[in-house]
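Here is a short briefing for a first look. Please keep the sequence and the 3D view open while reading.

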Amino acid sequence: MNKAHKRYVNKVLRRIDCSNSYKKRIRNDLHIMMEEKALELNESDPYKLLGEPEQVAEEFAENMGVNLFTKYQYVSKKTILGTPVIQINNHNYRGYEYKSKKTIMGIPLVHINNKPLGVAKGIIACGSISMGIISLGGISIGVISFGGVSFALLLGIGGAALSGVVSIGGLAVAGLFAIGGAAFSNYISIGGAAIAKEFAYGGYAKAKVAIGKEINAKVGFYSESGKGEFVRKIVEDTQLMKDYIYSKVPDLSSFVKGVMDKCMYFVDSLR
Amino acid sequence: MKDLERIKKQLKKGTLEIIILRLISKKEMYGYEIIQQLEQNSNGFYSLKEGSLYPVLYRLEDSDFIESYMFHEEGKRKITRKYYKITDKGINQINDYLKEWNNFVFITNKILGIEGDINE
């Protein structure tokens, strides 16, 4: 199927407030019509074949008795670098919603809802507020979540991310592993400010074992200042630092050792 | 002039369903063919766009007056066409529509004081 035709039809459908089954019919019919006209008129440009998508959508909406979604109430014809000089948002624009027919235990496989404060609930959910196994949204809640603010059971990624296992974000709070501007975790944290129980690495690092510019730890290495029982200034030889840490904390888990090994590659940046 | 356009639009809209069902009752047709036939037979008076045609076809199909099927044409023009054909329910409906239309035209003309050919 022609990509330009596909994009054109999507532009039409985006503006018509009707059920998915109707959208499917319109999509098929417009494709068939374009194919037919293209062959007859020897022209492939969808705009020349059917006209402006806004007008096509308007006519469909009017004749089907459904709402027309227009993002802007007014758009000036005069443009600067392709951008209209005046553009007034339409407050009636209600955004877009898609729910897949396929469900698992009554939950839609995919639910997209980008209406203002619209809630998307699905196995894969995407929306202003989203809840799902895989969840993407302004505020997202899920097993794996991505969003402005994300709450996750396993993995949360976002401006602010809170997760039971791994969080990555501006503010990252996690049960196991947090990476972020400010990272707080029960086990390992890496970030601008990293606070954890077991291991922390960052500008400011606080944990049992810490490596950073400033640290507060039982054992650790710092480049500027350090507080703690066995804290030392960072040295050239990373193996020496590791051996020192292992000697002071022999029960360090292999996972922490692994993460610490990787962090050692970046120790130079702390100097 | 604006009012005349509005009335014309309304009249066209009101009759489109009958006209399209009538066309399909005579012959199985595909979408573009309906548009072309209407335009030719009305000397451009019924110049339909997709946004007007398909909603009517959807209503007729949903009411079981017509049904559609896909036909893939082989040969030079390898394209898929969606043909519409009238159902038994549709045949009864078009007969009712035509009776109603005759009645409507007769009564409306009578009220308007028009008898016989409108051009007389």
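Which residues does V9(A) touch, not counting residues up to four places away in sequence? V9(A) touches R27(A), L30(A) and H31(A). The model is predicted.

- Chain A has 271 residues, and 39% of them are buried.
- Six helices and 14 strands make up the elements of chain A.
- Take the contacts in chain A between residues at least 6 apart in sequence: 15% of these join residues at least 24 apart.
- Chain B has 120 residues, with 23% of them buried.
- Chain B contains four helices and three strands. Along the sequence they follow the pattern α-β-α-α-β-β-α.
- For chain B, 53% of the contacts between residues at least 6 apart in sequence join residues at least 24 apart.

**Where the chains meet**

- On one side of the contact are 14 residues of chain B, and on the other are 16 residues of chain A.
- Three elements of chain B each supply at least two residues to the side that touches chain A: helix 2 (31-41), helix 3 (50-62) and strand 3 (80-86).
- Helix 3 of chain B gives the most to that side, with six residues.
- The side of chain B that touches chain A has five nonpolar, four polar and five charged residues.

**Nonpolar cores**

- The largest nonpolar core has 53 residues. F199(A), A200(A), A205(A) and A207(A) have the most contacts inside it.
- Five strands of chain A give two or more residues each to this core: strand 9 (119-163), strand 10 (166-174), strand 11 (177-185), strand 12 (188-195) and strand 13 (199-227).
- A200(A) is in contact with S189(A), A194(A), I195(A), A205(A), K206(A), A207(A), A210(A) and G212(A), leaving aside its neighbours within four places in sequence.
- Another core lies apart from the largest one and has 37 residues. Among them are L30(A), A57(A), F60(A) and I94(B).

**A helix pair in chain A**

- Helix 1 (residues 3-14) and helix 4 (residues 53-64) of chain A pack at an angle of about 45 degrees, and their axes are 8 Å apart. That angle makes helix 1 of chain A oblique to helix 4 of chain A.
- The crossing of helix 1 and helix 4 of chain A is right-handed.
- From helix 1 of chain A come Y8(A), K11(A) and V12(A), which meet P53(A), V56(A) and A57(A) in helix 4 of chain A.
- The residues of this contact between helix 1 and helix 4 of chain A divide into five nonpolar, no polar and one charged.

**A helix pair in chain B**

- Helix 1 (residues 2-26) and helix 4 (residues 88-112) of chain B pack at an angle of about 130 degrees, with axes 10 Å apart. Helix 1 and helix 4 of chain B are therefore oblique to each other.
- The crossing of helix 1 and helix 4 of chain B is left-handed.
- I18(B), L21(B), R22(B) and S25(B) represent helix 1 of chain B in this contact. They meet G90(B), I91(B), Q93(B), I94(B), Y97(B) and W101(B) in helix 4 of chain B.
- By class, the contact of helix 1 with helix 4 of chain B has six nonpolar, three polar and one charged residues.

- V9(A) sits in helix 1 of chain A. V9(A) counts as buried because 24 C-beta neighbours lie inside 10 Å.
- V9(A) and D29(A) are 20 residues apart along the chain, and their C-alpha atoms are separated by 10.0 Å.
- Most residues other than glycine have a negative phi.
- N42(A) is not a glycine, yet has a positive phi of about 55 degrees. N42(A) is in the loop between helix 2 (20-41) and helix 3 (46-50) of chain A. With 7 other C-beta atoms within 10 Å, N42(A) is exposed.
- N43(B) is not a glycine either, and has a positive phi of about 50 degrees. The loop between helix 2 and helix 3 of chain B holds N43(B). N43(B) is exposed, with 8 other C-beta atoms within 10 Å.

Conventions: Residues numbered from 1 in each chain as written. Chains lettered and ligands numbered in written order. Predicted model: local features only at pLDDT ≥ 70, side-chain atom pairs only at ≥ 80, totals over all residues. Contact = placed C-beta atoms within 7 Å. Nonpolar A, V, L, I, M, F, W, Y, C, P; charged D, E, K, R; others polar. Axes fitted to C-alpha atoms, helices over the stretch in contact; angles between N-to-C directions. Parallel < 35°, antiparallel > 145°, perpendicular 65-115°, else oblique. Left-handed = near helix turned anticlockwise from the far one by under 90°. Buried ≥ 20, exposed ≤ 12 C-beta atoms within 10 Å, placed from the backbone. Core = buried A, V, L, I, M, F, W, Y, C linked by C-beta atoms within 7 Å.
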